[in-house]
Amino acid sequence: MKALSIKEPYAWDIITGDKTEEFRTWQPGNVSTFLMVSAGTPSPVDFGLGLPNGFALAVIKIGNVEKPNPDGPYAWSVTVKELVQPFPVKGRLKFYDVDDSKIKVQPELTKSLLAYRQNEDAREADLFVRRYADPLTQIGYSQMPRKYQKILDQTGNWNAVAEAWVESARKSG
């Protein structure tokens, strides 16, 4: 299957339905579905810590492709077709191939995702949280630099981690 790496937090935003368009300088050609892989490193602009990097996450369907501004990128309409059992993938630029035998779709989790999107506290959403979101959060936590793990461990507050990350980025940039 063709795969495409998308930086965090944008990959997660596609899963939750908060991001419905993917912007690229190129058209997808004849690819109408792809395996979305979280890129190996998070976006340097947006806070991506705590989200998994370098993992296959979902099969994504491409809808309309438009170029809203002649000088701007193409806007691909994207939706989750199926969640997959996450597995590590070394990403590349543009589309690349991932062995189909590694892709295990999880229709029961996809159904639970839809319930989560409607009401994240709904009982039907529990499966998505327990079997998909929580394990991915653990992976993301394990990939975070130790200083951010320590802040989370001490405060139990992701906002404190985000504030420390922003402060660190401000000092270094």
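1. Val-59 has Glu-82 as its bridge partner in β5, and Leu-35 stands opposite Val-59 in β4. Please keep in mind throughout that the model is predicted.

2. These contacts belong to two strand pairings: β3 (residues 33–38) runs antiparallel to β4 (residues 55–66) and is joined to it by five bridges, while nine bridges join β4 to β5 (residues 74–88), again in an antiparallel arrangement.

3. The structure holds eight aromatic pairs. In one of them, the ring centres of Trp-12 and Phe-128 lie 6.1 Å apart with the planes at 20°, so this pair counts as stacked. The pair links distant parts of the chain, since Trp-12 belongs to helix α1 (residues 10–16) and Phe-128 to helix α3 (residues 126–143), 116 residues apart.

4. Phe-128 also pairs with Tyr-132, and because their planes meet at 25°, with the centres 5.5 Å apart, this pair is stacked. Both residues lie in helix α3, four residues apart, which is about one turn of the helix.

5. Ring pairs link Trp-12, Phe-128 and Tyr-132, together with Tyr-116, into a cluster.

6. A contact of another kind involves Lys-67, whose charged end sits over the ring of Tyr-74, 4.5 Å from the ring centre.

Notes
Residues are numbered from 1 along each chain as its sequence is written. This is a predicted model: local features need pLDDT of at least 70, side-chain atom pairs count only at pLDDT 80 or more; totals for chains, interfaces and linings use all residues. Side-chain values use heavy atoms; hydrogens and water are left out. Two strands pair if DSSP finds at least two bridges between them. Rings of Phe, Tyr and Trp (its six-membered ring) pair if their centres lie within 6.5 Å; planes under 30 degrees apart count as stacked, over 60 as edge-to-face and the rest as tilted. A charge sits over a ring if NZ of Lys or CZ of Arg is within 6 Å of the ring centre and within 35 degrees of the ring normal.
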